[in-house]
Amino acid sequence: MPVDRATFRELAGSFPSGVSVVTTVDDTGAPRGLTTQAFISLSTEPPLVLVSLDRSSRTLAALRACKRFAVNVLKAGSEDLSTRFATKAEDKFAGVRWAPSAVLSGVPILTDSVTAFMECTVVQVIEQGDHVMLVGSVEGGQVLGGTPLLYYRRTYAAWPEERPGPASL
């Protein structure tokens with residue numbers, strides 16, 4: 001028998017992850033977005049990413065219709081932005097600076113608050129359990145630098161400072 005929801009959340013919460021905001025536009029061209037920790041690079045050839053979204057997300061319909069999205073990898077100090085996009089608020093972009101993607105016909109890029117962004121087109125939708133996964137082909141993007149924002153057991157933190165020396169696994 002599978003573990004209960006509370007136990008699963010505690011187990012999954014034991015894994016620190018980066019925080020990103022997935023953005024798109026709806027059928028009127030209005031910006032839409034949501035916070036997710038469920039983002040991974042899936043393939044380098046071709047360049048593919050995967051984002052996982054709760055079926056109850058208010059942004060999901062816009063993502064399905066638009067078939068274009070940006071993954072905005074949040075930098076340290078962007079906790080308020082992460083929290084804002086994690087809510088069910090109607091206008092999450094009120095007072096938020098963003099620029100329209102030239103590659104994706106206006107999809108919002110949160111350039112002031114990210115270490116990097118990826119501009120993607122949906123190539124596959126996978127429905128499983130209470131989530132929908134979007135596989136995106138990375139059509140563009142940029143590394144802007146900075147320290148990434150992490151999330152661990154319902155707490156935000158910055159990535160630890162770089163240490164000199166070779167990396168080891």
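**Ground rules.** I am working with a predicted model, in which local features need pLDDT of at least 70, side-chain atom pairs count only at pLDDT 80 or more, and totals for chains, interfaces and linings use all residues. I number residues from 1 along each chain as its sequence is written, and side-chain values use heavy atoms, with hydrogens and water left out.

**Salt bridges.** I took a salt bridge as a side-chain nitrogen of Lys or Arg within 4 Å of a carboxyl oxygen of Asp or Glu. How many salt bridges does this rule give? I got 6.

I looked up Glu-127 and Arg-55, whose side chains form a salt bridge at 2.6 Å, N to O. Glu-127 sits in strand E9 (residues 114-128) and Arg-55 in the loop between strand E5 (47-54) and helix H2 (60-66), so this pair ties together parts 72 residues apart in sequence. My helices (H or I, at least four residues) and strands (E, at least two) are DSSP runs, numbered from the N terminus.

Are these two buried or exposed? For accessibility I used under 20% relative accessible area for buried, over 50% for exposed and partly exposed in between, with a 1.4 Å probe and protein chains only. Glu-127 is partly exposed at 41%, and Arg-55 is partly exposed at 37%. I also noted that a network of salt bridges links Arg-55, Arg-64 and Glu-127.

Next I checked Asp-112 and Arg-97, which meet in a salt bridge at 2.9 Å, N to O. Asp-112 is in the loop between strand E8 (108-109) and E9, and Arg-97 is in the loop between H3 and E7, so the pair joins parts 15 residues apart in sequence. Asp-112 is partly exposed at 37%, while Arg-97 is exposed at 63%.

**Largest pocket.** I defined a pocket on a 1 Å grid over the protein atoms alone, as an open set of points where a 1.4 Å probe fits, with protein on both sides within 12 Å along at least five of seven lines; lining residues have an atom within 4 Å of a point. The largest pocket has a volume of about 1,500 Å³, taken as the space filled by probe spheres set on points joined across faces, edges and corners.

Which residues lie nearest its centre? I found Arg-9, Thr-36, Gln-37, Ala-38 and His-131, out of 37 lining residues. H1 gives the largest share of that lining, 5 residues.
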